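Please consult the sequence and the structure while reading.

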Amino acid sequence: MLKVEYGGNLMRKIGIIGLGHVGADVAYTLCREKLVSHLVLIDKLEEKVLAEKLEIEDSLVPWDYSVKIDTQNYGTLRDAEIVIISVGSQSIDNENRNSELLDNVASVKETIPRVVASGFKGIFIVISNPCDTITRLVQEISGFPQSRVIGTGTLLDTSRMKRIVSQHFNVSPQDVTGYVLGEHGESQFIPWSLVQIDGKSLLENYSLSMEEAELLKEKTRLGGWEIHSGKGWTSFGIASMCARLVQAIQLDENRIYPVSVYDEREKLYLGYPAKIGRKGISQKVDVVLTEKESDLYRSSAQAVREVYNLIK
């Protein structure tokens, strides 16, 4: 991946396309976590981009570092490490992430060719919903290897699951492991056979009825809508997840996260564990699912396929 020097240090240049609540919070989080030295911010609303630039610059004055920020210039993405796609429609149905589909497809078809034309050769991280479908579209339009196009997928859903399970069993969320798999959407599911608390199988060591499992799954699935209905949007959680992926790429951590990754068998992107490092997705990590869980995964793949077919 292309690397250049900036201010005597290794340059960490990141582009963000789409500066709504999510894109703006991603930008701020990257700056506060010192994961970026040079930001490129792009949005259809030029005044909004300038305002975000100025506020970020103001916020960094008391701290011991600064970030160079360019705006509205696709050409400067040529030597970026990562470009984050966070375009988002205002036509949102609180019960259906797919309500953003057509507007976001149009935005991706407009922006991705301009990113590629800049000479960008880094990694795409896709946040825009419906995440699995938009990630696939970004890969197809860009022509990039599937390993260098990553959707945030079920990473945030997995964090919500850990929080909800930890609260149910009165343990630390950091002691809960496991994943939410499948679509970042209504057909997502929790493979309970993989969930552990403090290294011990939840199913084998804790009392969890079918009714309780269904309740926890629904709380996880609806977690975003609960936040959205209260404040009008969600952004802190996904910004944190995106920043974590950025760090995994920059430090070549090869850390396992459930992201939207290409499934060769299903021929689409879907939430599944993968190792994330300097080259993007270094490996899709096989997990052993029960027969029922495998059926749920295939059903979720079909749900994503049906959404994608709407834009063919």
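Q: Which residues lie nearest the centre of the second largest pocket?
A: In this predicted model, L155, T158, S159, K162 and M241 lie nearest the centre of that pocket. They belong to a lining of 26 residues, and the pocket has a volume of about 620 Å³.

Q: What makes a residue part of the lining of this pocket?
A: A lining residue has an atom within 4 Å of a point of the pocket. The elements that each supply at least two such residues are α5 (155-169), β9 (176-177), α8 (223-231), α9 (236-250) and β12 (255-263). The largest share, seven residues, comes from α5.

Q: How is the lining of the second largest pocket divided by class?
A: The lining has eleven nonpolar, nine polar and six charged residues.

Q: Why are helix α1 and helix α2 called roughly parallel?
A: The axes of α1 (residues 21-32) and α2 (residues 46-60) cross at roughly 25°. Angles under 35 degrees count as roughly parallel, and α1 and α2 are therefore roughly parallel to each other. Their axes come within 11 Å, and α1 passes α2 in a right-handed crossing.

Q: What makes the meeting of α1 and α2 a contact, and which residues take part?
A: Contact means heavy atoms within 4.5 Å. On this basis, A24, A27, Y28, C31 and R32 in α1 meet K48, E52, I56, S59 and L60 in α2. The residues of this contact divide into six nonpolar, one polar and three charged.

How values were computed
Residues numbered from 1 in each chain as written. Predicted model: local features only at pLDDT ≥ 70, side-chain atom pairs only at ≥ 80, totals over all residues. Heavy atoms only, no water. Axes fitted to C-alpha atoms, helices over the stretch in contact; angles between N-to-C directions. Helix = DSSP H or I, 4+ residues; strand = E, 2+ residues; numbered from the N terminus. Parallel < 35°, antiparallel > 145°, perpendicular 65-115°, else oblique. Left-handed = near helix turned anticlockwise from the far one by under 90°. Nonpolar A, V, L, I, M, F, W, Y, C, P; charged D, E, K, R; others polar. 1 Å grid on protein atoms, 1.4 Å probe; cavity = no way out; pocket = protein on both sides within 12 Å on 5 of 7 lines; lining within 4 Å. Points joined across faces, edges and corners; volume = space filled by probe spheres on them.
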